[in-house]
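Please consult the sequence and the structure shown here while reading.

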Amino acid sequence: MNISDHDYLKKILLAPVYDVAVASELVLMSRLSQELGNEVFLKREDQQPVKSFKLRGAYNRLSTLTDAQQEAGVIAASAGNHAQGLAYGANVKGIKATIVMPETTPEIKVDAVRRFGGKLAEVVLYGTNFDQASTKAKALAQEHGYTFIPPFDDPDVIAGQGTVARELLEQNADLDILFVAVGGGGLAAGIAVYLKQLKPDIKIVAVESEESACFMAAKAAGKPVPLPSVGIFADGVAVKIMGEETFRLCDRLIDETVTVTNDEICGAIKDIFDDTRVIAEPAGALSVAAIRKYIKQHNVKGKQLGGILCGANINFHTLRYVSERCELAEQKEAVFAARLPERPGAFKGFCEALGGKNITEFNYRYGSGEDAHVFVGVKLKGGQQEFALLHNSLGDKGYDCFNLSDNELAKLHVRHMVGGRPPTLLNETVFTFEFPEHPGALLKFLNTLGERWNITLFHYRNHGAAKGLVLAGFDIEPASRDAFNQHVEDLGYSCKDVTSDPAYQFFLAGE
Ligand SMILES: Cc1ncc(COP(=O)(O)O)c(C=O)c1O
């Protein structure tokens with residue numbers, strides 16, 4: 001490929017994206033700016049007709065098709081913002097678009113593509129995961145002569161996304177640092193190749209979800225490499241391997257990288273809501289999450305910082321999870337485990353020892369032993385430092401406590417299950433599973449697990465995301481462990497043995 005930076009500049013300046021996209025506003029986040037002591041600006045890509053920037057790249061690529069290619073139609077594999085952008089753009093241009101999505105794609109996403117694509121869009125549901133859908137899309141492209149439109153690793157897609165930077169410079173050329181989310185790297189590459197030619201002193205920080213940091217992995221390896229697993233909370237950036245061309249550009253042009261946790265993303269969704277009343281999708285809030293983190297880590301003051309609200313296609317019910325988690329992100333809540341003596345009055349004594357702290361959660365069930373194990377949430381005003389003081393003071397009073405504020409298993413599952421210790425000794429092994437979420441998915445999951453192994457614990461809660469998250473324990477005789485492992489592998493769901501997790505061991509494991 002090896003297109004020069006200068007050619008990219010030309011492509012970006014000539015990209016006809018305004019046939020369909022709007023020049024989105026750059027707004028000052030006044031509340032957050034005041035809190036952080038810096039001016040924070042937000043580029044409102046939620047204002048695009050498909051509620052994400054993805055329309056820019058897809059439309060620009062469509063604009064390069066020959067008449068014959070337009071006549072034949074285009075195809076993509078995506079269940080996300082690329083699908084919607086492509087369907088919308090193709091409809092405007094009068095091009096037939098086929099979008100292949102996994103059969104498990106939530107109805108709401110299928111409907112959105114049909115709505116944006118009008119009569120010219122066809123949705124093909126195929127396979128149970130993205131890789132299968134992608135293979136099918138490439139086969140259909142061959143068979144019917146459709147042009148395959150990639151979501152990020154294509155110079156015209158990259159240039160289309162680069163138009164965001166073109167507007168940014170016109171809106172505020174004095175930014176000190178710009179934070180850009182990275183999934184496959186199309187947005188970051190397009191922005192970087194433009195800014196580094198026209199305003200190289202603007203520092204560009206790439207932001208990745210901790211659960212899908214494929215750019216960091218590529219940097220470490222010197223080339224794009226697949227991640228062993230990818231978390232799906234920020235589904236817009238849940239990419240397993242970075243693009244070749246996007247890596248070539250980002251590796252050279254991006255100044256720094258930052259990763260953020262799901263809790264930090266939830267906190268950023270709230271920050272964005274507080275300032276703008278817009279609800280960002282998790283991937284869309286990545287840059288604001290990074291701004292908060294970066295300012296703290298680098299003690300930044302009085303600077304002009306930019307973030308991009310790159311998408312707002314969130315499933316409404318995901319907000320339940322977001323609201324639960326953002327207090328932890330802001331360190332306004334801590335959750336921890338404590339061991340109390342199992343005797344009358346012990347609870348009262350413990351509550352007194354908490355020193356009047358506002359308790360947000362308290363989970364306990366009588367066990368048979370001498371100790372009671374409680375799961376406690378407390379409101380904090382002074383962050384983790386305040387928790388450290390509380391921890392010390394509880395320790396001084398003889399309570400054995402440990403912090404669970406960063407323990408994913410504890411926050412997602414164990415808090416809802418405290419006290420479920422088995423009455424007899426079991427060969428219990430505990431796994432987390434991810435399965436594609438759709439109506440009836442939980443039952444299907446249970447059916448596929450089969451009845452050969454006794455399920456000893458189970459926790460599932462619908463978070464409104466594309467994947468369902470389950471914690472399940474099984475009583476597995478040592479002799480049948482190999483057969484069980486094989487069965488789990490055959491299920492094809494992403495799964496992890498978490499038997500040694502401290503939250504599980506403390507509250508749930510047999511003694
Ligand atoms: C909302 C949102 N943010 C960020 C990204 C990441 O973009 P890229 O794959 O170009 O890095 C995407 C990609 O679909 C997205 O939908």
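In which sense do strand β2 and strand β10 pair, and over how many bridges?

## The pairing of β2 and β10

In this predicted model, β2 (residues 39–44) and β10 (residues 304–309) run in the parallel sense and are joined by six bridges. One of the residue pairs involved is Glu-39 with Gln-304, the latter being its bridge partner in β10.

## The six-stranded sheet

Both strands belong to an open sheet of six strands with mixed pairing, ordered β1-β2-β10-β7-β8-β9. The edges are formed by β1 (26–28) and β9 (256–260); each has a single partner strand, so one side of each lacks a neighbour in the sheet. On average, neighbouring strands of this sheet are turned by 25 degrees against each other, direction ignored.

## Helices on the six-stranded sheet

Helix α8 (residues 155–171) lies across β1, β2, β7 (177–181) and β10, and its course makes about 140 degrees with β2. Helix α13 (residues 286–298) also packs on the sheet, where it touches β2, β7, β8 (203–209), β9 and β10. The direction of α13 is at about 110 degrees to that of β9.

Strand β3 (residues 74–77) is connected to β6 by two bridges in the parallel sense, and Ile-75 is found opposite Phe-148 of β6.

How values were computed:
Residues are numbered from 1 along each chain as its sequence is written. This is a predicted model: local features need pLDDT of at least 70, side-chain atom pairs count only at pLDDT 80 or more; totals for chains, interfaces and linings use all residues. Side-chain values use heavy atoms; hydrogens and water are left out. Two strands pair if DSSP finds at least two bridges between them. Helices (H or I, at least four residues) and strands (E, at least two) are DSSP runs, numbered from the N terminus. Axes are lines fitted to C-alpha atoms, for helices over the stretch in contact, and angles run from 0 to 180 degrees between N-to-C directions. Contact means heavy atoms within 4.5 Å.
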